[in-house]
Amino acid sequence: MENENINSETKLTESGETGLTMAYILSRLDEILRDTQYIRDSLSILTAIPSNSGDECGSPGDIAGKAKAEAIGSSVKSRETTNQQLIKLYEKMYDDIKPNKAAEKKRAFAGELMGSLISKLDDSGSLNDNTCEILAHKIMDIVESL
């Protein structure tokens, strides 16, 4: 059911990328934190199981009590492991979609450099389509190597 929710809420864009947003990922993390009903239901069911008839609850001979405690621990541990894995997945997804400040700075630098060079070429009378194209390619090569 979880996967159905993810698939229905994350549509592919025209470029083939998923439409994941930070808000979606944060809302899913919040749902994980708030989803405790399964634990409550498990605890209710397990606590309703009676202890051995002749033994007092918690006594060394209370095998049913021991089994209940182990089952509760196992249920909680399994769910928490699942939650941790989901959180790791959402962390990776978040990292993939958060803005890359370094890339933004490189693009801004490239734009400023290109603008400055075009202005100087225009002032000198050397500006034409060919020089603009060559400059753009060279600047992008430099910026990508940074």
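Leaving aside its neighbours within four places in sequence, N83 is in contact with I32 and Y38, where contact means heavy atoms within 4.5 Å. N83 has its place in helix α4. With a relative accessible area of 5%, N83 is buried; buried means under 20% relative accessible area, exposed over 50%, and partly exposed in between, using a 1.4 Å probe and protein chains only.

A word on what you are looking at: this is a predicted model, in which local features need pLDDT of at least 70 and side-chain atom pairs count only at pLDDT 80 or more, while totals for chains, interfaces and linings use all residues. Residues are numbered from 1 along each chain as its sequence is written, and side-chain values use heavy atoms, with hydrogens and water left out.

Now step back to the whole chain. The protein chain holds 6 helices and 0 strands, and from the N terminus on its elements run α-α-α-α-α-α. Helices (H or I, at least four residues) and strands (E, at least two) are DSSP runs, numbered from the N terminus. Of the 146 residues in the protein chain, 15% are buried. Take the contacts between residues at least 6 apart in sequence: 51% of them join residues at least 24 apart.

Helix α4 has 35 residues and reaches 51 Å from its first C-alpha to its last, close to the 51 Å expected at 1.5 Å a residue; the expected span is 1.5 Å times one less than the number of residues.

How does α4 (residues 63–97) pack with helix α2 (residues 22–34), and at what angle? The two pack at about 165°, with their axes 10 Å apart; axes are lines fitted to C-alpha atoms, for helices over the stretch in contact, and angles run from 0 to 180 degrees between N-to-C directions. That makes α2 roughly antiparallel to α4, since angles under 35 degrees count as roughly parallel, over 145 as roughly antiparallel, 65 to 115 as roughly perpendicular and the rest as oblique. The crossing of α2 past α4 is left-handed, meaning that the near helix is turned anticlockwise from the far one by less than a right angle, whereas clockwise would be right-handed. From α2, M22, Y24, I25, R28, L29 and I32 meet N83, L86, I87, Y90, M93, Y94 and I97 in α4. The residues of this contact divide into 11 nonpolar, 1 polar and 1 charged. Here Ala, Val, Leu, Ile, Met, Phe, Trp, Tyr, Cys and Pro count as nonpolar, Asp, Glu, Lys and Arg as charged, and the others, Gly among them, as polar.

Further along comes another pair of helices. Helix α5 (residues 101–124) has 24 residues and reaches 35 Å from its first C-alpha to its last, close to the 34 Å expected at 1.5 Å a residue. Just after α5, G125 takes a positive phi of about 80°. The axes of α5 and helix α6 (residues 129–145) come within 10 Å and cross at roughly 150°, and the two are therefore roughly antiparallel to each other. Their crossing is right-handed. Among the residues of α5 that meet α6 are F109, L113 and L117, and the α6 residues include L135, I139 and V143. This contact divides into 13 nonpolar, 1 polar and 2 charged residues.

Finally, find G111 in helix α5. At 43% relative accessibility, G111 counts as partly exposed. G111 and I139 are 28 residues apart in sequence and 9.0 Å apart in space, C-alpha to C-alpha.
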